[in-house]
Amino acid sequence: MTINFLDIPNDPDTRIIRQKQVMIENIPALIQKWAWEGIVAESAIFLDEDVDGITDEELFNKIIDNYDVGPDRRHTVTRNSGGYTFVNFNFTYL
């Protein structure tokens, strides 16, 4: 099933390096690698309705179990951003 991730809100100063659509435990997601003001990181982006009822930590653990997350487990979660949930991780500072 292909989900339309074309309406994801983005900051005009953020440069998307690459992105791909994946399934994380049967939940459609878009993985983006991005750069912004000397920070390079990745985001797993979900439709809000697909992750409603899943806590932030449970959601991040699903990402850890199904995607390459580095040893630094710092992450941020932003919910209800235009209908999407963003989980940011793998931060690198230039």
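Buried here means under 20% relative accessible area, exposed over 50%, and partly exposed in between (1.4 Å probe, protein chains only). What you're looking at is a predicted model, so local features need pLDDT of at least 70 and side-chain atom pairs count only at pLDDT 80 or more, while totals for chains, interfaces and linings use all residues. Residues are numbered from 1 along each chain as its sequence is written, and side-chain values use heavy atoms, with hydrogens and water left out.

**View 1. Five strands make an open, antiparallel sheet.** Reading across the sheet, the order goes β1-β2-β3-β5-β4. (Strands are DSSP runs of E, at least two residues, and helices are runs of H or I, at least four, numbered from the N terminus; two strands pair if DSSP finds at least two bridges between them.) The edges belong to β1 (15–24) and β4 (76–78), each of which pairs on one side only. Ignoring direction, neighbouring strands in this sheet are turned by 20° against each other on average. (Axes are lines fitted to C-alpha atoms, for helices over the stretch in contact; angles run from 0 to 180 degrees between N-to-C directions.)

**View 2. Strand β5 is held from one side by β3.** Residues 84–93 of β5 run antiparallel to residues 39–47 of β3, with eight bridges joining the two strands. Pick out E42 and you'll find F89 as its bridge partner in β5; for F46, the partner in β5 is T85. Eight of the ten residues of β5 are buried, so the rest of the structure largely encloses this strand.

**View 3. Helix α2 packs on the sheet.** The helix covers residues 56–66 and touches β1, β2 (27–36), β3, β4 and β5, where contact means heavy atoms within 4.5 Å. Its direction sits at about 60° to that of β5.

**View 4. β4 meets β5 in a hairpin.** These two strands pair in the antiparallel sense over three bridges, and T76 stands opposite N88 in β5. Five residues lie between the strands of the hairpin, and N80 takes a positive phi near 55°.

**View 5. F5 and Y84 give a tilted aromatic pair, one of two such pairs by this rule.** Rings of Phe, Tyr and Trp (its six-membered ring) pair if their centres lie within 6.5 Å; planes under 30 degrees apart count as stacked, over 60 as edge-to-face and the rest as tilted. The F5 and Y84 ring centres are 6.3 Å apart with their planes at 35°, so this pair is tilted. It links distant parts of the chain: F5 belongs to the segment before β1 and Y84 to strand β5, 79 residues apart. F5 has 9% relative accessibility and counts as buried, and Y84, at 5%, counts as buried too.

**View 6. Y67 and F89 form an edge-to-face pair.** Centre to centre it's 5.9 Å, with 80° between the planes. Y67 comes from the loop between α2 and β4 while F89 comes from strand β5, so the pair ties together parts that are 22 residues apart in sequence. F89, the bridge partner of E42, has 0% relative accessibility and counts as buried.
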